[in-house]
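Trainee: Could you help me learn to read a protein structure, one feature at a time?
Mentor: Gladly! Let's open it and begin with the overall layout.

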Amino acid sequence: DAAYRNPGPIHVADARTWSEGGGTRLSLELQDVGYPGSKYNLAYRAADDTLTGTYYQAMAQEQYQVVFRRIPRQ
């Protein structure tokens, strides 16, 4: 299961993970108002516990480099 909030829920149409080159990859396709066909393509980096990759904003037809860092629970 995959969920995405920004800050409210945005429908995830497809989410996939797979192993590649000794690491884990993730792709998410969003399908909601303002996000139809937008996609994340990410790689998990265990060394620094991050997801790095690209975000394609379909409506604007622009691609961005992104990094997600886990925030430790307090």
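**Reading the chain step by step**

Mentor: Let's start with the order of the elements: along the sequence, this chain reads β-β-β-β-β. Keep in mind that the model is predicted.

Trainee: How many helices and how many strands does the chain have?

Mentor: The count is zero helices and five strands. For the dimensions, the C-alpha trace spans about 35 × 35 × 25 Å along its principal axes.

Trainee: What share of the residues is buried?

Mentor: Of the 74 residues in the chain, 26% are buried. As for the surface, the chain exposes about 5,600 Å², and carbon and sulfur atoms supply 48% of that area.

Trainee: And the charges? How many positive and negative side chains are there?

Mentor: There are 8 positive and 8 negative side chains, and the centres of these two sets lie 5 Å apart.

Trainee: Next, the inside. Which residues make up the largest nonpolar core?

Mentor: That core has eleven residues: Tyr4, Ile10, Val12, Leu26, Leu28, Leu30, Tyr35, Tyr40, Leu42, Tyr55 and Val66. Strand β2 supplies the largest share, three residues.

Trainee: Are Tyr55 and Tyr64 buried or partly exposed?

Mentor: Tyr55 is buried, with a relative accessible area of 9%, whereas Tyr64 is partly exposed, at 38%.

Trainee: Let me try Thr54. Where does Thr54 lie?

Mentor: Thr54 lies in strand β4, residues 50-57. Its relative accessible area is 17%, and the limit for buried is under 20%, so Thr54 counts as buried. Apart from neighbours within four places in sequence, its contacts are Lys39, Tyr40, Asn41, Leu42, Gln63, Tyr64, Gln65 and Val66.

Trainee: How about a loop? Which residues does Gly37 contact?

Mentor: Gly37 is found in the loop between β2 and β3. With neighbours up to four places away left out, Gly37 is in contact with Glu29, Leu30, Gln31, Tyr56 and Ala58.

Trainee: My last topic is backbone angles. What is phi of Asp49 and of Gln61?

Mentor: Phi of Asp49 is near 55°, a positive value in a residue other than glycine. For Gln61, phi is also near 55°. Asp49 sits in the loop between β3 and β4, while Gln61 lies in the loop between β4 and β5 (62-69).

Trainee: And how accessible are Asp49 and Gln61?

Mentor: Asp49 is partly exposed, with a relative accessible area of 25%. Gln61 is exposed, with a value of 63%.

Definitions and conventions
Residues numbered from 1 in each chain as written. Predicted model: local features only at pLDDT ≥ 70, side-chain atom pairs only at ≥ 80, totals over all residues. Heavy atoms only, no water. Helix = DSSP H or I, 4+ residues; strand = E, 2+ residues; numbered from the N terminus. Buried < 20%, exposed > 50% of the residue type's maximum accessible area, 1.4 Å probe, protein only. Areas by Shrake-Rupley, 256 points an atom, 1.4 Å probe, with all protein chains shown as cover. Lys, Arg positive; Asp, Glu negative; His and termini not counted. Charge placed at Lys NZ, Arg CZ, Asp CG, Glu CD. Core = buried A, V, L, I, M, F, W, Y, C linked by side-chain atoms within 4.5 Å. Contact = heavy atoms within 4.5 Å.
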